[in-house]
Amino acid sequence: MPGSPILVLIVSPCMGGYGGLESFVLAVADGVAADPNIRVKIIFKKTRDFLPQDHLLNKIELSGLQVSFCSRSSLELWREIQSADLVHLQNPCPDVATMARLAGKPLLINIINHTKGGGRLHQRLWKLCLHLAHQRFYISNFVRKTWELSETPWKNSQVIFPICKLSDLDPLPFGERTGFLFLARWVENKGLDTLVEAYANSGLDPDRWPLRLLGDGPLRSQISARVTELGLKGVVMPGFMSEQEKAEWIRRSRFVVIPPNTSEDFGLVAIEARRLGLPCLITRDGGLPEAAGRYCLACEPADVNGLKRLLLQAAAMNEAEYISLASAAHQSLEDELVKPEFYAQVYANLIQALSPKN
């Protein structure tokens, strides 16, 4: 690409914490920044309850990327959009989408979260802003259908799995893996209570099939009390840990269990598990089956007996069956994820397609 590097402005709403959306934005920017033809800047747009947390600020500092925070619909945000060559927006925020089109900028919108629809003005406005995008990428087909309300995508809409920072550890040899692992924030609708009941009802040998419950949250006291009440052996609850520690716990397990009943938009834990060579036991919840891929075991959400059957089915697998399933889950992931250079090419193509013809 001749001339000066193009300036891409990645804009994302932010509550101040470091979650999946912030991780995605930093991962895309980090990958694209390696292209000498692109200069990238991140704007985290402060939400109403914005409160900056050290975890996010530390991640930003370590990234070395150009990042700033702006208020909604602000003059500062307008000036940043005017100076960019292309705007890459996370979710169809009306202020950013409108500013980008008024400024005549190519607009790519990543839609991360599903919508429940409805006729409220706020919801209608956000859906209207989808039409302002020159290109739309949805995190899952489940999310796309909640917005577009059609089996087939609109023109210029695609399902693109999110880029995320994955562990650089290698999968552990199959014979060194044991038990089941759950990893999520301990909140309602993540299915942790269903999993504890299913595990208790399964009657599995706790020495051969331990259950590791990673993470923390408001339900810790409730879950701990229930584990004690049921007299469960083999249940380990190590609490919060670093990314490296989580990856090590994942790869030392035989299966990852992801049992939400909350209309998950996607399911990054499933991607992390597959990257480390583990198949998943999941519920058919939202976009989670897309993230877990074809090589998983699934039941309906909030179904204790269904999840118990999955645990028993997984435990009954012989070594050859397990190796086949785990290998397929791992290897198929390579074809489903895009690399950072994908976005660099998308940016260049959008700018070229929308530039005035001589």
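How do α7 and α8 lie to each other, roughly parallel or roughly perpendicular?

**Entry 1: the helix pair.** I looked up α7 (residues 192-202) and α8 (residues 220-230). Their axes come within 11 Å and cross at roughly 10°. Therefore α7 and α8 are roughly parallel to each other. I noted the cut-offs: under 35 degrees is roughly parallel, over 145 roughly antiparallel, 65 to 115 roughly perpendicular, and the rest oblique. Axes are lines fitted to C-alpha atoms, for helices over the stretch in contact, with angles from 0 to 180 degrees between N-to-C directions. Helices (H or I, at least four residues) and strands (E, at least two) are DSSP runs, numbered from the N terminus.

I then listed the contact (heavy atoms within 4.5 Å). α7 gives Leu192, Asp193, Val196, Glu197 and Ala200, and α8 gives Ile223, Arg226, Val227 and Leu230. These residues divide into six nonpolar, no polar and three charged. Ala, Val, Leu, Ile, Met, Phe, Trp, Tyr, Cys and Pro count as nonpolar, Asp, Glu, Lys and Arg as charged, and the others, Gly among them, as polar.

**Entry 2: the model.** I am reading a predicted model: local features need pLDDT of at least 70, side-chain atom pairs need 80 or more, and totals for chains, interfaces and linings use all residues. Residues are numbered from 1 along each chain as its sequence is written, and side-chain values use heavy atoms, without hydrogens and water.

**Entry 3: the sheet.** I traced an open sheet of seven strands with parallel pairing. The order is β3-β2-β1-β4-β5-β6-β7. β3 (67-70) and β7 stand at the edges with a single partner strand each, so one side of each has no neighbour in the sheet. The twist averages 20° from one strand to the next. Strands pair if DSSP finds at least two bridges between them. β4 and β5 have four bridges. His88 has Leu108 in β5 as its bridge partner.

**Entry 4: Ser157.** I found Ser157 in β7 (residues 157-159). Ser157 is buried, at 9% relative accessible area. Buried means under 20%, exposed over 50%, partly exposed in between (1.4 Å probe, protein chains only). Leaving out residues up to four places away in sequence, Ser157 touches Arg136, Tyr138 and Glu148.

**Entry 5: the cysteines.** How many disulfides does a search of the whole structure find? I got zero. A disulfide needs two cysteine sulfur atoms within 2.5 Å. The sulfur of Cys93 is 8.6 Å from its closest cysteine sulfur, in Cys129, so the gap is too far for a bond. Cys93 is buried at 2%, and Cys129 is buried at 3%.
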